[in-house]
Amino acid sequence: MEACNYLYDVSTSYVNPGWQERYCKLVKHIDRYLKKHYAGYFAGLQLYQTGPMNYVVVAVYYDVPGIADTLPRILHYVNEKYRDTVGHNVRRKQILKFDRARKLHGQPAPQSDCEES
């Protein structure tokens, strides 16, 4: 089995009261959609609840050639779904955006493409 290297986007969300269930369903929908349509680039979403209305989302991508070109399409889809589904009832703040951060330590660049098994 080939070892995979990953890239991470991490954000926090504050969800207005009464919108938590809709928000969780939205994140699960986005996870399923991206796994289906971007399987070679997208590994999955992790959703954590850190308070009654506070969440952390970790988006995990494969560190493969082409991810930088594909990421804008993925983010466009995600932003549209947020806007259409929860509007201003969820406030997101990006903590780590891998395409704008300089990696100082961690996994080396991959030697070949990595696909989800």
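Predicted model: local features only at pLDDT ≥ 70, side-chain atom pairs only at ≥ 80, totals over all residues.
**View 1. The whole chain, read from end to end.** Residues are numbered from 1 along each chain as its sequence is written, and side-chain values use heavy atoms, with hydrogens and water left out. Of the 117 residues, 38% count as buried; buried means under 20% relative accessible area, exposed over 50%, and partly exposed in between (1.4 Å probe, protein chains only). The accessible surface is about 7600 Å², with 51% of this belonging to carbon and sulfur atoms (Shrake-Rupley method, 1.4 Å probe; for residues, only the protein chains shown count as cover). Among contacts (heavy atoms within 4.5 Å) with a separation of 6 or more, 73% come from residues 24 or more positions apart.

**View 2. The largest nonpolar core.** A nonpolar core is a set of buried Ala, Val, Leu, Ile, Met, Phe, Trp, Tyr and Cys residues joined through side-chain atoms within 4.5 Å. The largest one has 23 residues, and Y23, I30, L34, L45, Y61, V78 and Y82 have the most contacts inside it. At least two of its residues come from each of β1 (6-15), α1 (20-37), β2 (42-51), β3 (54-62) and α2 (67-85). Helix α2 gives the most, with 6 residues. There is also a second, separate core of 7 residues, including A43, V56, V58 and V64.

View 3. Leaving aside neighbours within four places in sequence, Y23 is in contact with S13, V15, L47, Y55, V57, Y82, V86 and V90. Look next at Q20, which sits in helix α1. Q20 has a relative accessible area of 19%, so this residue is buried. With the neighbours within four places again set aside, the contacts of Q20 are V15, P52, M53 and Y55.

**View 4. The largest pocket.** A pocket is found on a 1 Å grid over the protein atoms alone, as an open set of points where a 1.4 Å probe fits, with protein on both sides within 12 Å along at least five of seven lines; its lining residues have an atom within 4 Å of a point. About 290 Å³ of space lies in the largest pocket, a volume being the space filled by probe spheres set on points joined across faces, edges and corners. Of its 18 lining residues, S11, L75, V78, R92 and Q94 lie nearest the centre. β1, α1, β2, β3, α2 and β4 (90-97) each supply at least two residues of the lining. By type, the lining divides into 11 nonpolar, 3 polar and 4 charged residues (Ala, Val, Leu, Ile, Met, Phe, Trp, Tyr, Cys and Pro count as nonpolar, Asp, Glu, Lys and Arg as charged, and the others, Gly among them, as polar).

**View 5. Two exposed residues, R32 and T50****.** R32 is found in helix α1 and counts as exposed because its relative accessibility is 54%. From C-alpha to C-alpha, R32 and L45 are 9.0 Å apart in space and 13 residues apart in sequence. T50 lies in strand β2 and is exposed at 55% relative accessibility. Not counting residues up to four places away in sequence, T50 touches Y55 and V56.

Note on methods: Helix = DSSP H or I, 4+ residues; strand = E, 2+ residues; numbered from the N terminus.
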